[in-house]
Amino acid sequence: MRRKTGHKFGFSRQKMIGELSIIYLLYCAEIENGVFMRIEIRKLQEADIGILAQVEAEAFSMPWTEKAFRELLDHDYCHYLVALADGRPVGCCGYTHICGEACIDNVVVDRQYRNQGICQAMLRELIAGAEADGVEAFTLEVRVSNAAAIHIYEKEGFCSVGIRPGFYEKPREDAMIMWRRNM
């Protein structure tokens with residue numbers, strides 16, 4: 001799948017047919033000089049967990065464990081997507097649904113695949129799916145020093161509404177509280 005889109009990535013939606021079709025989104029990410037990589041975004045599956053736990057361990061000082069990821073699959077109020085680059089899990093994001101609101105618990109992309117639009121594509125699909133299920137508001141916390149993530153969240157309609165002092169550990173840091181509300 002090599003085509004010039006004029007953008008960092010081009011979308012090609014696939015229709016969901018019950019549980020058989022699990023791909024929400026296909027797109028091509030331009031990795032350099034017109035060379036594209038196939039990206040799929042679909043629901044998190046058991047087979048993804050080991051690799052995602054490694055991505056977490058490389059990205060965060062207090063990463064989620066394989067056990068924590070497995071527990072997500074047991075709860076119908078947890079909704080997680082995974083991004084695959086050429087068939088390999090390279091990121092995930094998801095939320096916990098509580099009373100019409102979604103708390104985005106985790107967003108991570110493998111360092112080698114950052115700055116290619118994968119995070120933004122996952123968030124867009126996550127939000128679109130949640131809104132279709134009746135979610136009216138989204139919240140998340142992000143390290144105040146994580147300018148790249150804050151920028152992505154702002155592009156997706158999130159606004160800072162406050163600070164949680166000392167929320168993060170290793171290293172200790174404040175969290176920015178962000179919300180996106182559908183009115």
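The protein contains four helices and nine strands, and the model examined here is a predicted one.

**Exercise 1.** Work out how helix 1 and helix 2 are arranged relative to each other, and which residues bring them into contact.

*Solution.* Two packed helices are described by the angle between their axes and the distance between the axes. Begin with these two values: the axes of helix 1 (residues 49–59) and helix 2 (residues 66–73) come within 9 Å and cross at roughly 130 degrees. Such an angle makes helix 1 oblique to helix 2, because angles over 145 degrees would be needed for roughly antiparallel and 65 to 115 for roughly perpendicular. The crossing of helix 1 with helix 2 is right-handed. On the side of helix 1 the contact is made by Ile 49, Gly 50, Leu 52, Ala 53 and Glu 56, which meet Glu 66, Phe 69, Arg 70 and Leu 73 of helix 2. Sorted by type, the residues of this contact comprise five nonpolar, one polar and three charged.

**Exercise 2.** Carry out the corresponding analysis for helix 3 and helix 4.

*Solution.* The axes of helix 3 (residues 118–132) and helix 4 (residues 147–155) come within 10 Å, and they cross at roughly 40 degrees. Helix 3 and helix 4 are therefore oblique to each other, since only angles under 35 degrees count as roughly parallel. Their crossing is right-handed. In the contact itself, Cys 119, Gln 120 and Leu 123 from helix 3 meet Ile 152, Tyr 153 and Lys 155 from helix 4, and these residues divide into four nonpolar, one polar and one charged.

**Exercise 3.** Locate Pro 171, decide whether Pro 171 is buried or exposed, and find its contacts.

*Solution.* Pro 171 lies in the loop between strand 8 (159–168) and strand 9 (173–181). Its relative accessibility is 55%, so Pro 171 counts as exposed, the cut-off being over 50%. Once neighbours within four places in sequence are set aside, Pro 171 is in contact with Ser 61 and Arg 143. Although Pro 171 and Ser 61 are 110 residues apart along the chain, their C-alpha atoms are separated by 7.8 Å.

Note on methods: Residues numbered from 1 in each chain as written. Predicted model: local features only at pLDDT ≥ 70, side-chain atom pairs only at ≥ 80, totals over all residues. Heavy atoms only, no water. Axes fitted to C-alpha atoms, helices over the stretch in contact; angles between N-to-C directions. Left-handed = near helix turned anticlockwise from the far one by under 90°. Contact = heavy atoms within 4.5 Å. Nonpolar A, V, L, I, M, F, W, Y, C, P; charged D, E, K, R; others polar. Buried < 20%, exposed > 50% of the residue type's maximum accessible area, 1.4 Å probe, protein only.
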